[in-house]
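Subject: A structure to look at, with notes

Dear colleague,

My notes on what was found follow below.

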Protein chains: 2
Amino acid sequence: MLKKLLVDVHTHVYLPRYAELLRSRSAVPRIIPAPAASTDSKPSERLLILDHEPSGGRPVGPQYWSRDEKLGFMDKHGIDVSIVSSANPWLDFLPAPDASDIAIKLNDDLEEYCSSSPIISDQRIKRLYGFGMLPLVPGITTSALLDSVRQISLLPHLKGLIMGTRGVGKGLDDEALDPVWEAIEKEKLVVFLHPHYGVDNDAWGEKENGHVLPLALGFPFETTVATTRLILAGVLDKFPDLRLLLAHSGGALTQLSSRLASCIHHDPLVASRLKHDARYYIGRLYYDAVSYGSEELQFVADTIGRSQRMMFGTDHPFFPPLNGEIKWRSVVENLEAIQGVSGWSQEQKDGVEGGNALKLFNLVQ
Amino acid sequence: MLKKLLVDVHTHVYLPRYAELLRSRSAVPRIIPAPAASTDSKPSERLLILDHEPSGGRPVGPQYWSRDEKLGFMDKHGIDVSIVSSANPWLDFLPAPDASDIAIKLNDDLEEYCSSSPIISDQRIKRLYGFGMLPLVPGITTSALLDSVRQISLLPHLKGLIMGTRGVGKGLDDEALDPVWEAIEKEKLVVFLHPHYGVDNDAWGEKENGHVLPLALGFPFETTVATTRLILAGVLDKFPDLRLLLAHSGGALTQLSSRLASCIHHDPLVASRLKHDARYYIGRLYYDAVSYGSEELQFVADTIGRSQRMMFGTDHPFFPPLNGEIKWRSVVENLEAIQGVSGWSQEQKDGVEGGNALKLFNLVQ
């Protein structure tokens, strides 16, 4: 019996090579020097990643690129293992040849970042593993995408890949991606589906609400739409062994799942294309436990029929502490949410905290 | 002790005057004759209400405007009382003077529709009550809106009003609406908040998915955004006794509620404006039980802390049966969802089926 481990499946990095790329750019996404007035004791930088970034972006620093900072954060919160992924917007903004070239380098960088991390004493696993990245941009060739899948599958510390929702320009329900899904399924890589664009900035209105609406609502909506489109396009029928891990507990997917099933039923042309009720596919996906509340976690597990497909995450280094707290509130909330699920046994809670991820990523012997 | 009643709080009508208006129009929303090829035994019409309506709209007929059809539908499903509301898009497409004029007439029409309905034997209540309508269009004067609130409050069978999310053009978080909220709160009218526009048609992609994405996802997203914006603007702080009933069980509002609270906490400018945690406001709202699944219903009740704020609805005459079933699947599913909530006592289920609505609409002595 192995020691119980805490595993973070939703934790991001801008690798140094990527941060340099963002510094070299004159358009969003970019990293810019902080305005002089706001630099106090130490110089700092600001990150602009959303198209309509309020208040000059957000502070960015070594917690985004330093592996020591990542390990320090893990130690502080008792996190044994992290499955690290590049933060959005990945390579979405690059022309195809550049994207292809840098994807290879960043995947190699991430392998090095993980492979040289400490081994957990008494266990045969490292503290860091990674999600690689594909050069998913308009104009990319299928063979470049397949090369990238192959590269990731050959790098021993990369256990999957993170993917946005844009595909090669037409979304993830684009048939052009079928060979890519096929290769990912064959290589048993986990796809971590993560939002970046939100949905419809016009919907947020004219009031100054900071990042609240795009982050709290736009991000989960985007994931919900992308996953639903995958279901409706039959991708999960064609590739039934595909392993999709949804960011932010799948957004609104589970709460809208019975409504979705009903709407499909009442649209016979759509219904006739699918092998199963929409809830069948939703029950076959994996969900991080990044939803900040016990009721939400219990509900996702109830809807998909099990907690074994759910796993702890932090969203580090986003949502840093505001008031100098030692432990990050965003992390503590997500841990307390798991412990507070009244309908889960301790064994189920342990699973969500680590065991489920160890199995999904094949990290147990 | 009164007989247990089944009360439908989410059931729509296009009053004859409104249907005539739609027939007179040359742009969406409109009612058009069905193409000759599709008219079999009886002539029929088609309704176009969404901007991007696939496949030439949907069949529309007397179930949309005939009161006998409404009562027949209620009898067939054992529904004792319906709180009827005009279906979207209400008066959103009209110039202000026209909207003002027809709102008065439609509210009078709806009062007549309800007041002349049968009385339930042994009880002092009628079978039909209504949600009136305000002329919420750009350019309308506040005094016209207040006149409309007053009219509704004086019509004895109108128990509230149905409202879309656009306000007078800038959404419901527009300060221009403050006097309207104040009057609605004072008159103790229930606001039935209902979507029409969805969110971002571009998000649905290029595949032919019928109405599924805008209806299953766009509609609930719209309600979620509008309610969140009301919270963020402090409307629920300013008008704490406002009674808002959210369509489709509030969309994704409860599933995203802890994430919303976290995002607000991490945006101090927004957080400092609000008196309470976001979940406090979410717990003070009312939710229909139109979400087609027991897990969803239980979850909403768990999140808001009680089932007493939830109430049965059908969305009639939308989602009609496809295969000639006698009872409508959409209705049966929503009733079975209530009965199937494992965490609810029979008394709680009875409340969601009718008792909660009777109390909210002040229909019990």
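Which side chain of chain A meets the side chain of B:Glu175 in a salt bridge? Before the reply, please keep in mind that this is a predicted model. The partner is A:Lys207, and the salt bridge between the two side chains has an N to O distance of 2.9 Å. B:Glu175 sits in the loop between strand S7 (158-163) and helix H5 (178-186) of chain B, while A:Lys207 belongs to the loop between strand S8 (190-193) and helix H6 (212-232) of chain A, so this pair joins two chains. As for accessibility, B:Glu175 counts as partly exposed at 47%, and A:Lys207 is also partly exposed, with a relative accessible area of 27%.

A further salt bridge links A:Lys170 and B:Glu206, whose side chains meet at 3.7 Å, N to O. Here A:Lys170 is found in the loop between strand S7 (158-163) and helix H5 (178-186) of chain A, and B:Glu206 in the loop between strand S8 (190-193) and helix H6 (212-232) of chain B, so this pair, too, joins two chains. A:Lys170 is partly exposed, at 48% relative accessible area, whereas B:Glu206 counts as exposed at 63%, because the cut-off for exposed is over 50%.

How are the two chains arranged? Chain B can be laid on chain A by a turn of 180° and a shift of 0.0 Å along the axis, with an RMSD of 0.0 Å. The two copies are therefore related as by a two-fold rotation axis.

Turning to contacts inside chain A, the side chains of A:Arg127 and A:Asp75 form a salt bridge of 2.7 Å, N to O. A:Arg127 lies in the loop between helix H3 (96-115) and strand S6 (128-133), and A:Asp75 lies in helix H2 (residues 67-77), so the pair ties together parts of chain A that are 52 residues apart in sequence. A:Arg127 is buried, with a relative accessible area of 13%, while A:Asp75, at 49%, is partly exposed. Chain A also holds a network of salt bridges that links A:Glu20, A:Arg23 and A:Glu45. Over all chains, a search of the whole structure finds 28 salt bridges.

Definitions and conventions: Residues are numbered from 1 along each chain as its sequence is written. Chains are lettered from A and ligands numbered from 1 in the order in which they are written. This is a predicted model: local features need pLDDT of at least 70, side-chain atom pairs count only at pLDDT 80 or more; totals for chains, interfaces and linings use all residues. Side-chain values use heavy atoms; hydrogens and water are left out. Copies are superposed by least squares on the C-alpha atoms of residues with pLDDT of at least 70 in both. A salt bridge is a side-chain nitrogen of Lys or Arg within 4 Å of a carboxyl oxygen of Asp or Glu. Helices (H or I, at least four residues) and strands (E, at least two) are DSSP runs, numbered from the N terminus. Buried means under 20% relative accessible area, exposed over 50%, partly exposed in between (1.4 Å probe, protein chains only).
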